[in-house]
Amino acid sequence: MSEAAGLVAELRAHVADERVLRAIERVPREAFVPDDLRAHAYDNTALGIGCGQTISQPLVVARMTELLELGPEDRVLDVGTGSGYHAAILATLGAHVWSIERHADLSRRAGEALARAGVANVTLVLGDGSLGLPAEAPFEAINVAAAGSREALAALEDQLAPGGRLVAPLVGRRVAGLEAMGVSGRRQRLTLARREPDGVRWRALEEVRFVPLVSGDR
């Protein structure tokens, strides 16, 4: 069994969408991790990629992708390019992905990784992901790989097409003791939003841990 197949076998207990699992097996994760971490490319864990960012745990990538219910004609906005791995998974299932990153070096490296992986239907954008990409809106799906409040996600919510889905880590209440350990003192829950005829409905799911969504010049 290949390393990719072994990872998929591990994820199958938590992810039901076989299309997502096939995408995880198909996209070479080793193309998106630093050279010194290639031996861990198919571990089910997040890995550092520089600039204080990580390539997300495969389980989290698969789960978020599953929640977006992507179709082959869907236009996708990906906020927080990072390594480019999540954009590659989304691009395998959707029509086109626009992926925004505020760190120029990460965006450049993501472009190189996407080329190595043979993924062509991703457009990389350098900028403030919290603003979305109004020029290309509306989107059938929006993936947010950073934690923010409902208010911080308002511009992205506005860019959802009718029936569109947005998945993001939503910041909740503070938890005593976490900030003293050097991490955010607020709980985060993976949250799915869907634009329905009477408005956008939000549904909170499992707890997760992401870097914060940064807006403006910070």
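What follows is a short exchange about a helix crossing and some aromatic pairs.

Modeller: This is a predicted model, in which local features need pLDDT of at least 70, side-chain atom pairs count only at pLDDT 80 or more, and totals for chains, interfaces and linings use all residues. Residues are numbered from 1 along each chain as its sequence is written, and side-chain values use heavy atoms, with hydrogens and water left out.

Colleague: Why is α2 called oblique to α4?

Modeller: The axes of helix α2 (residues 18–26) and helix α4 (residues 85–93) cross at roughly 125 degrees and come within 9 Å. Angles under 35 degrees count as roughly parallel, over 145 as roughly antiparallel, 65 to 115 as roughly perpendicular and the rest as oblique, and therefore α2 is oblique to α4.

Colleague: What makes Phe32 and Tyr85 an edge-to-face pair?

Modeller: Rings of Phe, Tyr and Trp (its six-membered ring) pair if their centres lie within 6.5 Å, and planes under 30 degrees apart count as stacked, over 60 as edge-to-face and the rest as tilted. Phe32 and Tyr85 are 5.8 Å apart centre to centre with 65 degrees between the planes, hence edge-to-face. Phe32 lies in the loop between α2 and β1 (47–50) and Tyr85 in helix α4, so the pair ties together parts that are 53 residues apart in sequence.

Colleague: Which other rings form an edge-to-face pair, and at what distance centre to centre?

Modeller: Trp98 and Phe139 do, at 5.9 Å with 65 degrees between the planes. This pair links strand β4 (residues 96–101) to strand β6 (residues 139–144), 41 residues apart.

How values were computed:
Axes are lines fitted to C-alpha atoms, for helices over the stretch in contact, and angles run from 0 to 180 degrees between N-to-C directions. Helices (H or I, at least four residues) and strands (E, at least two) are DSSP runs, numbered from the N terminus.
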